[in-house]
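Here are some notes for a colleague who is meeting this structure for the first time. Please keep the sequence and the model open while reading the points in order.

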Amino acid sequence: WVASFRGNSVKGQQQGHITVEFNDGTAIHFTPLPEVWIGGILMGERKMEYLGKTTFTYPAHGLSAELHFNPDSGIIKWMRGKSTPSDFLKGDIVKESGGEKQKVSTVTGSWVGCLWFDETCYWDARQLGQAQREAPQPVSAERVLPSDCRFREDLIYLLQGDLEKSSEWKSILEDRQRHDAKLRKEAAKHRH
């Protein structure tokens with residue numbers, strides 16, 4: 001994983017390849033997964049979006065697809081003055097044969113709604129069973145891990161209105177993070 005924390009949000013991306021193998025010995029490869037952006041970490045409404053693209057390949061059948069998540073984000077959104085919903089994705093499935101690539105299908109839709117392959121909806125989250133559709137509920141304070149952000153001293157003091165103590169603890173946490181990053185960098189040098 002690669003992640004960055006900025007203000008009230010976190011952006012991360014799983015690195016490497018993912019392979020799904022089937023009983024017949026064939027496999028689909030995903031490279032890389034799209035970035036995940038989560039806003040509202042410290043305050044405000046929590047929001048999660050996928051950004052960027054992912055590529056799927058199915059070598060046994062000569063198929064591949066490149067899907068773009070939230071394709072109208074950033075500068076494109078600004079230039080057009082409008083955009084598709086942030087859960088929108090689009091891409092093409094292509095078949096390669098003899099060095100030639102031919103489009104098989106266009107994929108559009110929402111990863112939280114309906115995925116359309118050309119004119120047909122093959123997957124619709126709205127049609128899932130109730131148990132699959134219910135939003136996850138926050139874990140009660142008694143059951144959370146000690147590392148949960150609810151226990152960050154800087155946030156506790158901030159919520160209590162003590163900006164001086166909050167600032168002190170924020171500096172302590174930042175120092176710890178820099179120290180941990182230095183240790184990870186040193187460890188990486190010795191792994192190779």
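1. A residue is called buried under 20% relative accessible area, exposed over 50% and partly exposed in between, with a 1.4 Å probe and protein chains only. By that rule Asp 124 counts as buried, because its relative accessible area is 16%.

2. This is a predicted model, in which local features need pLDDT of at least 70 and side-chain atom pairs count only at pLDDT 80 or more, while totals for chains, interfaces and linings use all residues. Residues are numbered from 1 along each chain as its sequence is written, and side-chain values use heavy atoms, with hydrogens and water left out.

3. Asp 124 belongs to strand E11, residues 120–124, where strands (E, at least two residues) are DSSP runs numbered from the N terminus. Leaving aside neighbours within four places in sequence, Asp 124 is in contact (heavy atoms within 4.5 Å) with Gly 113 and Cys 114. Cys 114 is ten residues from Asp 124 along the chain, yet their C-alpha atoms are separated by 4.1 Å.

4. Met 43 sits in the loop between strand E5 (35–39) and strand E6 (47–58), and is exposed, because its relative accessible area is 52%.

Terms used. Helices (H or I, at least four residues) and strands (E, at least two) are DSSP runs, numbered from the N terminus.
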